[in-house]
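Biologist: Hi, I'm new to this one. Could you walk me through it?

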Amino acid sequence: MNPEFLPDCSNCAALCCLALAFDADEMFGHDKPAGLPCHNLDGFSCSIHADLADRGYRGCVAFDCLGAGQRVTALFSEDWQKRPKLTAPMMEAFRQMRAVQSLHQMLLTAGALPLPDDTRAELRDRIADLEVAKTELAALARFDPAEAKRWLKSLAPLLRPAG
């Protein structure tokens, strides 16, 4: 896997444990609304991390932030635990960054297609736009994932066999 998309929990403010909502079922051991920290959170670490699956939290094991957590944490000078007013902005940035990371993966995959030169140039421009969104909060807030998805869908004819 591309290291660009690997989560680094040691450099994250436990954003998945805060921002995500889940319902008690076979994947999660309790109900948790978005915006409230998981009751298993101890600082920025999971107190049951080594036993998540055995304790009924297979959904946590399966979740992959694609590296969004550490990227968002780096964009803020403080964290939501020290400054509770940052909770909502960090959660929103986490949601946006995860979409950016997912789109970045898709755009890199599209690079393997036999693209015409003008389309390949546009692909490079789109990847460059994503890189800016990953390093500036204002650019992240302005980024429109729907438009990028529409552009990706426009590549579908290139996937059909000729003839």
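Modeller: Happy to. One term before we start: a helix here is a DSSP run of H or I with at least four residues, and helices are numbered from the N terminus. Also, this is a predicted model.

Biologist: Thanks! How many helices and strands are there in the protein chain?

Modeller: The protein chain has seven helices and two strands. Along the sequence they come in the order α-β-β-α-α-α-α-α-α.

Biologist: And what box do the C-alpha atoms fill?

Modeller: Roughly 55 × 35 × 25 Å, taken along the principal axes. The chain has 163 residues, and 36% of them count as buried.

Biologist: Let me pick a residue. Where is Q101 found?

Modeller: Q101 sits in helix 4.

Biologist: Is Q101 buried or exposed?

Modeller: Buried, because its relative accessible area is 0% and the cut-off for buried is under 20%.

Biologist: Which residues does Q101 touch, leaving out those up to four places away in sequence?

Modeller: Q101 touches E4, F5, L66, G67, A68, R71 and K134.

Biologist: Changing topic: which residues of helix 7 are buried?

Modeller: Helix 7 covers residues 145-153, and its buried residues are A148, W151 and L152. They span an arc of only 100 degrees around the axis, so they lie on the same side of helix 7.

Biologist: What's on the other side of helix 7?

Modeller: R150 and K153 are there, and they are exposed.

Biologist: What do the buried residues of helix 7 pack against?

Modeller: They pack against helix 4, residues 87-110, and helix 5, residues 117-133.

Biologist: Tell me about the pair with helix 5. At what angle do helix 5 and helix 7 pack?

Modeller: The angle is about 155 degrees, and the axes are 12 Å apart. Angles over 145 count as roughly antiparallel, so helix 5 and helix 7 are roughly antiparallel to each other.

Biologist: Is the crossing left-handed or right-handed?

Modeller: Helix 5 passes helix 7 in a left-handed crossing. On the helix 5 side, T119, E122, L123 and R126 make the contact, while helix 7 contributes E147, A148 and W151.

Biologist: Great, thanks for the tour!

Note on methods
Residues numbered from 1 in each chain as written. Predicted model: local features only at pLDDT ≥ 70, side-chain atom pairs only at ≥ 80, totals over all residues. Heavy atoms only, no water. Buried < 20%, exposed > 50% of the residue type's maximum accessible area, 1.4 Å probe, protein only. Arc of directions from axis to C-beta. Contact = heavy atoms within 4.5 Å. Axes fitted to C-alpha atoms, helices over the stretch in contact; angles between N-to-C directions. Parallel < 35°, antiparallel > 145°, perpendicular 65-115°, else oblique. Left-handed = near helix turned anticlockwise from the far one by under 90°.
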